Amino acid sequence: MPGTIDGVVPLVAATFAGLLFAQAVVRLRRRGRADLAGWDRVALFAAGLGVTLFALVGPLDRIADEKLLTAHMAQHLLIGDLGPALMITALRGPLLVFFLPPSILAPLARSPRVRAVLGTLLRPYVAFGLWAANLAIWHIPYLYDLALRHEWLHNFEHVCWMFTGILVWTLLVDPGSHRRLSVGGRVALAAAMFAAGQILTDVLVFSFTPLYPAYQGAYGISRVTDQQLAGIVMMVEQLLTLGTCVALLLRPRWSRAHRARLAAAT
């Protein structure tokens, strides 16, 4: 069975991303805005890098490739959902602008082609469409097993998970305050993502025929049970990540409603 992306590549990429984030924090703090570059942001970004590296170069990677569909599902959720969510949340506000050095950011910001591509990719229906298509396509049993047999395709699969995850979580978190979606629109996007994931979850949980020949069960877990557990893992992870996102989005409204009730009572 081929592995995922060679271990050196994720480590180099994570180191590069960590250095970019560190210089952004330092630059912002030197401008007297330590309040916008606190240790909470550092912890969030480090956690995002950590779960991504754990998925790609840790023991989970071998189990995902060779043993359990459940582990493979967890791997995809870490690199395509939880990791991007944590890192993008850490970058919200001025840190996003400072993430790239001026020598890199300025030419990109001036490029009409770059702005056009980003503007298109971050249209809500485009981002969600790509995310949903990625979810559906890579769970077609033939393609799923084909990726396990061909390392280059498996690498591409993981890139797709990370890329589409970054797109949808950029819309959900809105780190640059571009307001491509209202709060209601972001809640609706989270609900649409959960609904799309629930379709796959239902297929995996309520199918009593093994769908992925590459997985024969392991550690005393049968093929069907492994498949059902993979669906449950996806449902639980989405409930936690998307549920937390929605709760944070709605918290200001709940607080205002609570204050209004208190004022009316007095």
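1. Cys245 is buried, because its relative accessibility is 9%. Cys160 likewise counts as buried, at 16% relative accessibility. Buried here means under 20% relative accessible area, exposed means over 50%, and partly exposed lies in between, with a 1.4 Å probe and protein chains only. The structure holds zero disulfides, a disulfide being a pair of cysteine sulfur atoms within 2.5 Å.

2. The model is predicted: local features need pLDDT of at least 70, side-chain atom pairs count only at pLDDT 80 or more, and totals for chains, interfaces and linings use all residues. Residues are numbered from 1 along each chain as its sequence is written, and side-chain values use heavy atoms, with hydrogens and water left out.

3. Cys245 also belongs to the second largest pocket, where Cys245, Thr89, Val173, Leu248 and Leu249 are the closest to the centre among 26 lining residues. This pocket holds about 610 Å³ of space. A pocket is an open set of points on a 1 Å grid over the protein atoms alone, where a 1.4 Å probe fits, with protein on both sides within 12 Å along at least five of seven lines; lining residues have an atom within 4 Å of a point. Grid points are joined across faces, edges and corners, and the volume is the space filled by probe spheres set on the points.

4. Helix H12 (223-265), H4, H10 and helix H11 (183-205) each supply at least two residues of the lining of the second largest pocket. The greatest contribution, ten residues, is from H12. Helices are DSSP runs (H or I, at least four residues), numbered from the N terminus. By class, this lining divides into 14 nonpolar, five polar and seven charged residues. Ala, Val, Leu, Ile, Met, Phe, Trp, Tyr, Cys and Pro count as nonpolar, Asp, Glu, Lys and Arg as charged, and the others, Gly among them, as polar.

5. The largest pocket contains about 1500 Å³ of space. Its lining comprises 40 residues, with Leu91, Leu96, Phe99, Leu100 and Ile166 nearest the centre. Among the elements giving two or more residues to this lining are helix H1 (8-30), helix H4 (69-90) and helix H10 (151-173). H1 provides the largest share, seven residues. The lining has 33 nonpolar, four polar and three charged residues.

6. Ala260 is located in helix H12. This residue counts as partly exposed, because its relative accessibility is 46%. Ala260 and Ala22 are 238 residues apart along the chain, and their C-alpha atoms are separated by 42 Å.
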